[in-house]
Amino acid sequence: LWQQFGVTEFQDKEAFQKEFIRHVETTLARSMYNCDDLAAYLAASQAIRDRLIVAWNKTQQKHTTKDQKRVYYLSLEFLMGRAMDNAMLNAGVKDITKTGVDDLGFKIEDLLEQEPDAALGNGGLGRLAACFVDSIASTNYPGWGYGLRYQYGIFKQRIVDGYQVESPDYWLAFSNPWEIPRYEIAIDVMFYGYTRKYTNDQGKTVSIWEGGEQVQAIAYDVPVPGYDTETTNNLRLWASKPTREFDFEKFNSGDYESSVRESQKAETISAVLYPNDNFYSGKELRLKQQYFWVAASLNDIVRRFKKTHRPWSDFSDQIAIQLNDTHPTIAIVELQRILVDMEGLEWDAAWEIVTSTFGYTNHTVLPEALEKWPVPLFGNLLPRHLEIIYNINLFFLQKVEKMFPKDRDMLARVSIIEESSPQQVRMAYLAIIGSHKVNGVAELHSDLIKTTIFKDFVAIYGTDKFMNVTNGITPRRWLHQANPKLSELIASKVGSYSFLKDLTLLKKVEPFAKDPEFIEKWADIKKFNKARLAALIKKNNGIDVSVDALFDVQVKRIHEYKRQQMNIFSVIHRYLTIKAMSAEEKKDVTPRVCIFGGKSAPGYYMAKTIIKLINSVSEVVNKDADIGDLLKVVFIADYNVSKAEIICPASDISQHISTAGTEASGTSNMKFVLNGGLILGTVDGANIEITREIGEENIFLFGHLAESVDDLRHQRRFNDVPINPDLQKVIDAIEGGMFGDKDIYGSLIYSVTGNRDYYLVSDDFQSYLDAQKLVDKDFKDKTTWVSRCITAVANMGFFSSDRAINEYAESIWNIEPVAK
Ligand code: 26V
């Protein structure tokens, strides 16, 4: 039928090529004689896009007809990475496309390389959102993502003279074939202005918001194809534009320049992603972004609901909204405002709808990451919302007062408004009060939020409101796409690729952990993946590394709590140890390549210092003839999703060494193990559940437990606890100028010495070095090592994001998959 209307779908190689050429000649207005890799990538992606759009339309029509309950996942970040390989895989046209472009003289790998990453996120939280939309589609749930269409994603990182240098990521430069602009879906969003009280027809005094500044939200739809299903869901990203009437006055009177300035201001709202990870800074533009995106999304959701002509009481039977951290919390207030101010519902009826609609996911316990908005700033930008927050708070505190009469402290502690100067709006508290479920992202983390930052709320609401959903990752991207050879080897034993849909089927490879032939094939694949990474290192860093060495990887955002400083200190310790060895002793050393990667927030001085130290150590160690291949140190610049796809399959050991209790979950830990690497890690986040699943003999754990952290900090703060002697030797080396000007590292050394060491680097150092030693020893027995990797992979089924999504669907969203 579609063909009849000229909609093109290719079923075989020839049909693909026809479409490819048509796009080269018409969409791109080029000729096949003048078609470089970029043009070929664009043409191929246009052909795949056409297919996605057909599937997208069918899915959306079906979902509209079935009219089941849907979920909307609100996230300020979607760290999608590249789309093309995933689209080919999920649409089932990978082979057709590959042979199709091959025949025309292109290499599919080269075309894939042309695509810029869609890097609309900082780290774990954004990548989780990307895995979740993939899984929602793959498990056939009706669900959309809502986010912002930033013109600039996370900055690009270069290393100049050992330091991080940022440059803008203008990812849309060559157009984006994976989005569908919907200029007709334009929603007005208001800021500033004032509220006015008046008496309505029923004689009720009501408050309305008027007189503000307006901008428009334009929808851009990104199809999200599920794997091995026709379901293609939607990720709707909003871009800000000036309203059509913008400053008509000024323009008319000839004041073009200031009129254009106004219009540019509107576009600024969605221009750039804030590059902080786990750190909050109260910038007005950030709050503007949040409200802009939330207002547009809720307007869209409510408009769709109203088309069904259902009563408002059906709202939460039809719609679930998940808040990815507190960033979209203003949605709670906005929905209450829509229901009460615009639709005329009674407060209590509206509030019942609101609280049964929202769920809130917390992703961090770090106090510096918790959002709090100064009341004056908030009230100026969103005056009506502040009034509503005061009301929500009033009713809430009345309830608490009844439960805990005369407990003044309790009231002050749980109030949405913090009585500081200026007063602050505590967004996490608002999110808890306005949601029916609150979840953490790994067991330990979910326990910690109940006993620490949200303790009082457990006393108020009971434990049922608080739950855990352990994070997961999509096996499509993080196993099959990133590691096609391992996926194929696993498929040869499972009997099919069914494990990509039901990851627990990995269990079927467990018996082969003792099969010498299988072990050898597995080891060969690891070697191949290490060679692929070695080539990237050679190209980017000019460093030669041996694939026979142990590849030790720590890639993640640079943060003191993640303790890259402890890692580089231990590398220095290793360097000093090897340097002091005789030729005979050196024969026993397990050669290692220590690989680092990750971005620092541009304003995070300590993180930037850590990057500089890593690069300085790299400079010294790599050219030291005494060391040779026994130790190499590499910092891979501009770590991102597509680099992670190369790096994860190539590790022997990856490090997840946060101070216990600080890393909510971690998700790269799952990626590394799923790709046949072992973990060196602390008893933190999802490491704990990974250990439970794969067995403690297959992971290298070290360090103090979360329950001891407060005590240890207290000890250091108030007593003279000596520094670990091995750490002292490392510090002496740095202060002796071994890695260049010692003054550069003054603050870094200061942070781990004296009465400080907030992240317990010194306390954990000895047990860290011991664990490292064990790694060195165990790596020498190749067969046992690989056997452990196989056993680990076989037991990773739990960490699929499909499992996580099913848990959300059943216990928070109450939604069902759409039947065929
Ligand atoms: C993000 C941002 C973004 C820029 C502006 C300021 C700001 C402030 C706070 C945050 C919260 C980031 C929280 C976060 O990324 N948590 C990570 O979430 C992952 C997915 O659940 C989890 O695996 C990581 O352990 C956790 O650190």
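**Exercise 1. Describe how helices α21 and α32 pack.**

Step 1: Find the two helices, α21 at residues 516-541 and α32 at residues 782-794. Helices here are DSSP runs of H or I with at least four residues, strands are E runs of at least two, and both are numbered from the N terminus.

Step 2: Read off the geometry: the angle is about 85 degrees and the axes are 10 Å apart. The axes are lines fitted to C-alpha atoms over the stretch in contact, with angles running from 0 to 180 degrees between N-to-C directions.

Step 3: Name the arrangement. That angle makes α21 roughly perpendicular to α32, a label used for 65 to 115 degrees.

Step 4: List who touches whom. Ile 519, Trp 522 and Ala 523 of α21 meet Lys 782, Thr 783, Val 786, Ser 787 and Ile 790 of α32. Contact means C-beta atoms, placed from the backbone, within 7 Å.

Step 5: Sort them by class: 5 nonpolar, 2 polar and 1 charged. Ala, Val, Leu, Ile, Met, Phe, Trp, Tyr, Cys and Pro count as nonpolar, Asp, Glu, Lys and Arg as charged, and the others, Gly among them, as polar.

A quick note on the model: it is predicted, so local features need pLDDT of at least 70 and side-chain atom pairs count only at pLDDT 80 or more, while totals for chains, interfaces and linings use all residues. Residues are numbered from 1 along each chain as its sequence is written.

**Exercise 2. Work out where the ligand lies.**

Step 1: Look at its surroundings. There are 23 residues around the ligand, and the closest are Gly 124, Leu 125, His 363, Ala 664 and Ser 665. To be near, a residue needs its C-beta atom, placed from the backbone, within 6 Å.

Step 2: Bring in the domains, whose bounds come from an automatic or database domain assignment. Domain 2 (67-82 + 117-470 + 807-813) and domain 3 (475-799) both give residues to the shell, so the ligand lies between them.

Terms used:
Angles under 35 degrees count as roughly parallel, over 145 as roughly antiparallel, 65 to 115 as roughly perpendicular and the rest as oblique. Two residues are in contact if their C-beta atoms, placed from the backbone, lie within 7 Å.
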